[in-house]
Amino acid sequence: MNYFDHAATTPMRKEVLEAMTPYFLEQYGNPSSIHAIGRTARAALDEARRSLARFVGATPNEIVFTSGGTESDNYALFGAAYANQHKGKHVITTKVEHHAVLHAMEQLERDGFEVTYLDVDATGTVTLESVRAALRDDTILVSVMYGNNEVGTLQPIAEIGEVLSGHQALFHTDAVQALGTEAIDVKVLGVDLLSASAHKINGPKGIGFLFIKTGVKLATRSFGGQQERKRRAGTENVPGAVGFKTAAELVMAERTERVVTYEALADALCGRLDALGVEFEVNGANRLPHIVNLYLPGIELEPFLIMMDMRGVAISSGSACTAGSIEPSHVLTAMFGSSDRTHQSVRISFGLGNSVEDVERLAERLSEVVSTFTNGVRK
Amino acid sequence: MNLRTKAPADTTVVVGMSGGVDSSVTAHLLKEQGYNVIGIFMKNWDDTDENGVCTATEDYEDVIAVANQIGIPYYAVNFEKEYWDRVFEYFLAEYRLGRTPNPDVMCNKEIKFKAFLDHALRLGADFVATGHYARVDYVDGEHRLLRGKDDNKDQTYFLNQLSQDQLARTMFPIGHMDKKDVRVIAEAAGLATAKKKDSTGICFIGERNFKEFLSEYLPSQPGAMQTLDGVVKGRHDGLMYYTLGQRHGLGIGGDGDPWFVVGKNVEANILYVGQGFHHDALYSDALLASKLSWTGAAPEGEFRATAKFRYRQQDVPVTIAPLENGEVLVKFDEPQRAITPGQAVVFYDGDTCLGGATIDEAYRNGKRLDYIG
């Protein structure tokens with residue numbers, strides 16, 4: 001398998017599809033309906049909610065289904081900011097968040113909130129000291145991602161949770177990228193809000209959830225029916241919820257094994273690159289095991305990625321680009337300042353189906369393409 | 001080197017796809033002919049407006065739609081910096097001198113057939129292809145640049161600076177077709193861009209008001225508008241807004257023939273105007289040009305050919321004398337109207353585009369005309 005972009009999305013597991021299929025074809029009811037087929041759907045939805053609550057150490061009522069990570073982040077941030085603006089208008093986040101958080105923050109700024117963007121060190125980590133220093137009496141929300149989607153660096157979420165205990169600020173974490181490998185318990189972390197998405201863990205696209213701690217009130221962002229206890233209107237995505245549940249249960253059963261596998265793949269990749277004499281450094285530290293962000297001195301990002309694609313290998317740079325607008329990765333810029341490193345780094349992310357042989361072949365392709373830049377060799 | 005004999009299946013062609021119908025059909029035809037085709041969209045200008053809307057995004061959406069329809073991979077590449085440095089800076093510099101530059105000629109020379117071609121070659125491509133109305137062939141060891149078959153659309157004027165090395169790596173798959181046939185093919189293939197309106201004007205200005213655009217980058221210095229005899233006829237808004245032979249926008253009323261721009265004095269900031277389309281001051285019989293480039297081997301000594309002084313003009317007989325300093329003197333059989341400094345003079349031998357140069361000065365009976373200076 002030459003797909004090494006699992007941080008972008010993952011293939012769905014067959015078990016997931018099989019679990020979902022009946023809810024498309026036979027048990028297609030609307031969970032809000034009063035008839036039997038509606039009740040069956042409702043039962044499946046509730047069962048999914050219970051299972052996913054267990055997945056993150058929450059209670060079922062604390063799980064609100066959404067369309068995915070972006071909606072969860074948006075709901076958490078706008079919902080928390082607007083529900084608490086009478087207590088203050090200051091929000092804290094980091095410079096390395098996903099755009100679903102950063103662009104929402106920019107909108108909050110336009111809406112009159114003040115946002116502090118915490119710096120990270122060269123490994124991509126925020127310090128507790130910087131959180132303490134930024135915290136003010138009028139801070140109402142702190143949002144720090146669990147593990148970075150570009151370099152994989154884990155943030156000290158539980159420790160930040162401790163720093164915030166006793167403060168009025170709500171604590172949100174985007175855990176979308178971490179759910180496949182990290183055992184997450186919202187109580188241990190001390191978070192009030194946590195975003196999750198199914199398609200990053202071999203579940204279906206179009207479903208995610210927001211954990212909302214009991215007692216936390218968010219301003220409603222969607223109006224319509226009474227679904228999700230009036231927190232998210234719209235007919236529920238029952239097959240999606242069932243698929244998400246199945247994917248999460250597979251993670252719970254296989255998590256340790258996956259971590260061991262991805263660590264072995266990362267070792268094999270680096271070992272092979274070393275053996276091939278490729279100059280590289282791994283960006284980030286204390287990483288999610290499935291993400292390896294490689295600094296490859298001398299490459300040019302755009303042609304590099306095209307040349308890998310032409311060789312049938314799917315990898316990526318941190319940020320997606322549209323219509324040829326390459327903006328240097330905001331994550332790498334936060335880590336290294338404006339340096340060549342920000343546009344000479346590529347992201348490799350492992351998933352189910354990647355083997356050591358695949359990774360060794362990947363290393364050979366990387367070596368081959370790197371040499372076209374460093375030796376001026378043309379095919 | 002002639003790569004054109006390589007079998008299509010072994011030949012990789014990178015198509016510069018703009019999101020327009022011409023480059024869409026270009027990619028479609030090459031794919032049908034069995035080439036290994038890759039579509040690449042060039043982003044050369046950041047035109048994001050205050051609402052965050054960017055026409056490049058719309059165009060790239062069309063590239064994606066067409067590439068998926070014909071089944072080729074597509075990518076985007078950013079040449080904003082190269083375009084700014086090599087095309088836009090030149091464009092502004094020429095206007096500062098009171099000249100009328102041709103950014104399309106420069107874009108082909110520096111971006112499409114240099115930065116983009118280099119990019120494609122590095123990816124392992126054999127050729128780049130574009131949707132230009134022009135043709136290339138290979139005869140007697142030389143790659144020839146030929147006029148597009150559709151006389152009305154021929155774009156060799158803009159391609160005059162291409163060299164042998166560039167032509168050797170270039171394909172113009174729709175150059176043998178009429179525009180209307182290109183549309184017919186696009187419609188028959190159901191391409192998403194089949195009915196898309198052709199883009200007009202200079203690419204980075206788009207549909208915007210030219211005067212407004214230019215004023216964002218260059219300070220305008222209003223000054224006197226007068227006849228060559230010194231009779232003041234009004235004020236001009238800044239010399240850069242006017243080009244030789246222009247009629248509109250002068251705002252001179254009164255009796256008699258309409259008024260035209262017949263010259264500029266940049267030092268004194270004077271715009272010269274005269275009455276009548278055929279005003280005598282607009283006519284010259286020779287020009288001096290620089291940045292001379294030949295598509296093939298450089299001719300030796302003086303020779304006869306035809307020349308165009310602007311796009312979509314019938315070429316006329318001339319005598320061409322390359323000078324030792326690299327410039328070229330072009331003498332016309334018949335006097336020509338509004339030879340404009342900054343524009344390209346492009347040479348032809350029949351259907352072959354021989355090359356071209358940038359017009360610097362115009363002469364009448366051996367006397368330099370007061371167009372600029």
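Two residues are taken to be in contact if their C-beta atoms, placed from the backbone, lie within 7 Å. In chain B, 65% of the contacts with a separation of 6 or more join residues 24 or more positions apart. The structure is a predicted model, in which local features need pLDDT of at least 70 and side-chain atom pairs count only at pLDDT 80 or more, whereas totals for chains, interfaces and linings use all residues. Residues are numbered from 1 along each chain as its sequence is written, and chains are lettered from A and ligands numbered from 1 in the order in which they are written.

Chain B contains 8 helices and 18 strands (DSSP runs numbered from the N terminus, helices being H or I of at least four residues and strands E of at least two). The radius of gyration of chain B, 22 Å, is close to the 21 Å that the globule rule gives for 373 residues, so the chain is as compact as a globular protein of that length; the radius is taken over C-alpha atoms, and the rule is 2.2 Å times the number of residues to the power 0.38. The C-alpha trace of chain B spans about 70 × 55 × 35 Å along its principal axes.

Of the 373 residues of chain B, 44% count as buried (20 or more other C-beta atoms within 10 Å of the residue's own, with C-beta atoms placed from the backbone). In helix H4(B), 14 of the 20 residues are buried, so this helix is largely enclosed by the rest of the structure. Helix H4(B), residues 103–122, bends by about 25° at Phe116(B), the bend being the angle between axes fitted to the seven residues ending there and the seven starting there. Gly124(B), with a positive phi near 100°, follows H4(B).

Helices H1(B) (residues 21–32) and H7(B) (residues 179–188) pack at an angle of about 65°, with their axes 9 Å apart; axes are lines fitted to C-alpha atoms, for helices over the stretch in contact, and angles run from 0 to 180 degrees between N-to-C directions. Val21(B), Asp22(B), Ser24(B), Val25(B) and His28(B) of H1(B) meet Val182(B), Arg183(B), Ile185(B) and Ala186(B) of H7(B).

Strands S4(A) (residues 139–143) and S5(A) (residues 170–174) pair in the parallel sense over 3 bridges, and Val142(A) stands opposite Phe171(A) in S5(A).

Note on methods:
Buried ≥ 20, exposed ≤ 12 C-beta atoms within 10 Å, placed from the backbone. Pairing = 2+ DSSP bridges.
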